[in-house]
Amino acid sequence: MSPTDDPTPLRADARRNRERILIAAEAVFAEQGASASTEEVAARAGVAIGTVFRHFPTKNDLLSAIIKDLMRRLTEEADALADHGDPETALFTFFTRMVEQAVAKKTVADLLSGVGIDMRVAKPVQTFQEAIGALLAGAQQAGAVRQEIRLDEVIALLAATCQAALHAGWAPDLQRRTLAIVFEGLRPQERRLAGMDSA
């Protein structure tokens, strides 16, 4: 079992240190990418480097913990939209938020590509994909997305769009126009024609 998966409860001070390290690490890796140093993370968190290594023996352990935490938050957001959002727009809303976040910071996919973690088998990523699947199913049931659209296609579009937005630093107007094109490609033909008639 990895030290980061140890179910033993941490003391209050150790738990606070762990949370500070994770917050600092997410900020540092968002700014500098996966090549950022663990020493920079320790400095940002205000702890000794040994404290970082006690919680996360390797940089991969630290990155994995960040990814798990971010995946959990994104999954909760997708679940909330699936449960309480408008099924006609929930998938598009989540897609838009993901692209906006990609511009502001390094994405999970970017971090993973830097440290060689396999996205396809990571349980938090699988759970995240299932949450996107629920959004897709809701959109299809509402007639907002074509029935033949598959989950892997939506995830591929999401990953590619986030990567492009991240690396090119898309301005808000470009984000809006590009996403409008992507979303039109997902909608049923009759929805697209109706939009043209009302334009």
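This is a predicted model: local features need pLDDT of at least 70, side-chain atom pairs count only at pLDDT 80 or more; totals for chains, interfaces and linings use all residues.
Local features require pLDDT of at least 70 and side-chain atom pairs count only at pLDDT 80 or more, whereas totals for chains, interfaces and linings use all residues. Residues are numbered from 1 along each chain as its sequence is written, and side-chain values use heavy atoms, with hydrogens and water left out.

Helices are DSSP runs (H or I, at least four residues) numbered from the N terminus. Helix 1 (residues 12–32) packs against helix 2 (residues 38–45) at an angle of about 125 degrees, and their axes are 8 Å apart. Helix 1 is therefore oblique to helix 2; angles under 35 degrees count as roughly parallel, over 145 as roughly antiparallel, 65 to 115 as roughly perpendicular and the rest as oblique. Axes are lines fitted to C-alpha atoms, for helices over the stretch in contact, with angles running from 0 to 180 degrees between N-to-C directions. In helix 1, Arg20, Ile21, Ala24, Ala25, Ala27, Val28, Phe29, Glu31 and Gln32 meet Glu40, Val41, Arg44 and Ala45 of helix 2, where contact means heavy atoms within 4.5 Å.

For helix 5 (residues 90–104) and helix 8 (residues 151–168), the axes come within 7 Å and cross at roughly 30 degrees. These two helices, helix 5 and helix 8, are therefore roughly parallel to each other. Residues of helix 5 at this contact include Leu91, Phe95 and Met98, and those of helix 8 include Val154, Leu157 and Thr161.

Thr51 is located in helix 3 (residues 49–55). With a relative accessibility of 10%, Thr51 counts as buried (under 20% relative accessible area; exposed is over 50% and partly exposed in between, with a 1.4 Å probe and protein chains only). Apart from neighbours within four places in sequence, Thr51 is in contact with Asn17 and Ile21.

The structure contains 12 salt bridges, each a side-chain nitrogen of Lys or Arg within 4 Å of a carboxyl oxygen of Asp or Glu. In one of them, the closest N and O atoms of Arg73 and Glu26 are 2.8 Å apart. Arg73 lies in helix 4 (residues 59–84) and Glu26 in helix 1, so this pair ties together parts 47 residues apart in sequence. Arg73 also forms a salt bridge with Asp69, at 3.2 Å between the closest N and O atoms. Salt bridges with shared partners join Glu26, Asp69, Arg72, Arg73 and Glu76 into one network. Arg73 is partly exposed at 31% relative accessibility, as is Asp69, with a relative accessible area of 24%.
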